[in-house]
Amino acid sequence: MSVHDPIARKRSLGVPETKDGVVNKKFKSENKEIPEDATASNFFSEKMYSAYVKSALDSLDKNDPVPINSLTSKINLPFTHKDAISLAHMNVVLNGLISNVSKLDNKSCHELISAVLEFKWLDVASRQDSAYSQFTDLYSRFISVLVSSFPKYLHEVTKKLVGEFSRSECLPAPAALNKHHEILSKLIKFIPTCINSLPQTLQKHFPHHLSSNTAELTNYVQNLMKIITYCPDLQFNIWQLIIECCIKLDVELQNELDDLDDDEIEELINGKDEDEDDEDDEDDEDEGVDTDETKAGDKSVLEDVIGDIDEVLDGDLEYLIDPITSTANIKKLLSKLDSVMNLLLTNTSNSFTQEELNEGNGVPLFNTITSLFRSHILPTHFTKSIQFIIFHISQYQPELADSYLVLLIDVAFNTNEILEKRLKAMQYLSSYIARAKNLSRHQIVFIVSYLVGWLNKYMLERECEIYDQDDNSQRASNQKGNQTGGMERFKLFYAAFQALLYIFCFRHDLLYKSSKPASADQSFGDSEWECDLDKFFQRVILAKFNPLKFCDETVVYIFAKLATKLNVCYCYSIIEHNKRERMLQTNGKATLPSAVANFKQKQEFLDLEGYFPFDPLVLPTCKALISKNYVEWSEVNPSGDDADDDEDSGSHQEAMSDDDIVSSDEEITSDEED
């Protein structure tokens, strides 16, 4: 049958009527899909298109590809084109292809199938006509039938579906949003082996962490999380992709924030400068007419920059950084990372209830997250945000916290792990114990007792390796080769001791043997602290390791003030002695063992010792979500003054140290004159 002479068939395809004008009942029963309000012309058009599609497919048997090529060209037209195929006609095409799928295994049909697969069905989603709902159903049916009949099209279909994950916000209704996943779930059911190639497709279409916007990235991650609900086998691969993206965002954000101070970061997060930015934009628009003056100003600025090129090369490059551009980049990175992490935290909130864990549903997910933490997050240099995923999730149940603590202990004290990874695990351990609000007293005391026991054993075994300073000075000529190892051999010891100091500063209220501090008339021989911490600290700070010299100065000062107030130990004299020693070395009036000097100059360790993974989060949405499980310093600071108290203690120590250093210099000078 041909469509070139439609008039000849018009009466037979029209709506048949009786003499009284009543529609033939037989005709109505054979055409139930036609709406009651459909006009005869629309029905005629659809019938003609159905006949045309069938005729085009039949022409393949005669080796006549012209009708198929004509249909392909019409489907390829953009939807906004005046000659583009309508949804009603597209439904007819899909119905015809589904009914004659066996005829599609033809070389001439390849272009037609590609055109249907590349059809921009999301671009027509905003058109809420009656044909769209039917179109989505037929389109998903066609894709499922096509792949089940011809598996060679699996890659093209998955590529299309996954590539549209980031655009899913265009869809008008949740039912339409699920079409992608309905098709994917059917494909996985029909072809189970496709899960081997699907991770590569998901990775290939993952939006770039810098070039994509927040909506695209969030939509894609949301769709990835939905895949896990019907294909748990892809859970690890999907979480790995998301964690890797978050790590990239985290590192980029940290690099941007390193150039700002705390006040600027706080102002940026709170969005205090948005109004100013808007005003600047309005001013720029008002002044946009002064193009000549602007060009002249730009030229003068360019000449100034070129004239100061020598200063730039000498290290003044930071002044060329555009603060507006930098601020915009920081806001974009904050928005992306905050949205993705918030999505992860909210989507997993129901997976770790006691009921879910008892049924074994949440255990695989937790194992996946902890495994990725160990392999991806822990080795990464100075992440600030992504680790709060495991921080928050592990506090849902005590068993999860125990599992996470065991992981950290296993890495920190495993001799088979590299030293840098062990140091990072020690920092995570101390920061987690200090900041996790839902930890029990038993868990905190256990970690403290473990650290105390390990430090005691370490000192007994290795303190003999440290020579006194005087002995080192006398033996300098004989032991130059032995000093190259230096104090950095004991980095793990200093990291463990600093972890204990940090934990004590935050958790000292829970480290009493009784619920309340002991009275002043308590027996002198009995310690009021768990693990006899007062006696332990008094012994360690006087050891040859001199840990107060090599730990983070801020932690040492806060601990010294707190320990003095709680009558645990007195550290100020040792801190002053260490400061005097460093000052004398700087002035060249004293010669310290080269092992100590080399160790203090290791910037790598100085950076590591000042890293606290669970310091306050800078992502506003996630911070509000995590706050209920987070210990702020203001909650545990016994003095009640946060920043001022720390500054006072630090300035007090510096003042005392300066006086002592002056007096020491005078004594040394007088001795030299004598």
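Is D263 buried or exposed? In this predicted model, D263 is exposed, with a relative accessible area of 61%.

**View 1. Negative surface patch around D263.** The patch is formed by D261, D262, D263, E264, E266 and E267. Within this group, D263 belongs to helix α14, which spans residues 262-270.

**View 2. Salt-bridge network that includes K421.** Salt bridges link R374, D410, E417 and K421 in a network. K421 is part of helix α23 (residues 419-435) and counts as buried, because its relative accessibility is 17% and the cut-off for burial is under 20%. Apart from neighbours within four places in sequence, K421 contacts R374, L378, P379 and V411.

**View 3. Salt bridge between K103 and D58.** The closest N and O atoms of K103 and D58 are 2.6 Å apart. This pair links distant parts of the chain, 45 residues apart: K103 is in the loop between α5 (87-99) and α6 (110-117), and D58 is in helix α3 (residues 40-58). K103 is partly exposed at 25% relative accessibility, and D58 is partly exposed at 26%.

**View 4. Salt bridge between D532 and K513.** Here the closest N and O atoms are 3.5 Å apart. Both D532 and K513 lie in the loop between α26 (491-507) and α27 (533-540), so the pair ties together parts 19 residues apart in sequence. D532 is partly exposed, with a relative accessible area of 31%; K513 is also partly exposed, at 46%.

**View 5. Salt bridge between E465 and R462.** The side chains of E465 and R462 meet with an N to O distance of 3.0 Å. E465 is partly exposed at 29% relative accessibility, as is R462 at 23%. The structure holds 16 salt bridges.

Key:
Residues numbered from 1 in each chain as written. Predicted model: local features only at pLDDT ≥ 70, side-chain atom pairs only at ≥ 80, totals over all residues. Heavy atoms only, no water. Patch = residues over 30% accessible without salt bridge, like charges linked within 9 Å, V, L, I, M, F, W, Y side chains within 5 Å. Areas by Shrake-Rupley, 256 points an atom, 1.4 Å probe, with all protein chains shown as cover. Salt bridge = Lys/Arg side-chain N within 4 Å of Asp/Glu carboxyl O. Lys, Arg positive; Asp, Glu negative; His and termini not counted. Charge placed at Lys NZ, Arg CZ, Asp CG, Glu CD. Helix = DSSP H or I, 4+ residues; strand = E, 2+ residues; numbered from the N terminus. Buried < 20%, exposed > 50% of the residue type's maximum accessible area, 1.4 Å probe, protein only. Contact = heavy atoms within 4.5 Å.
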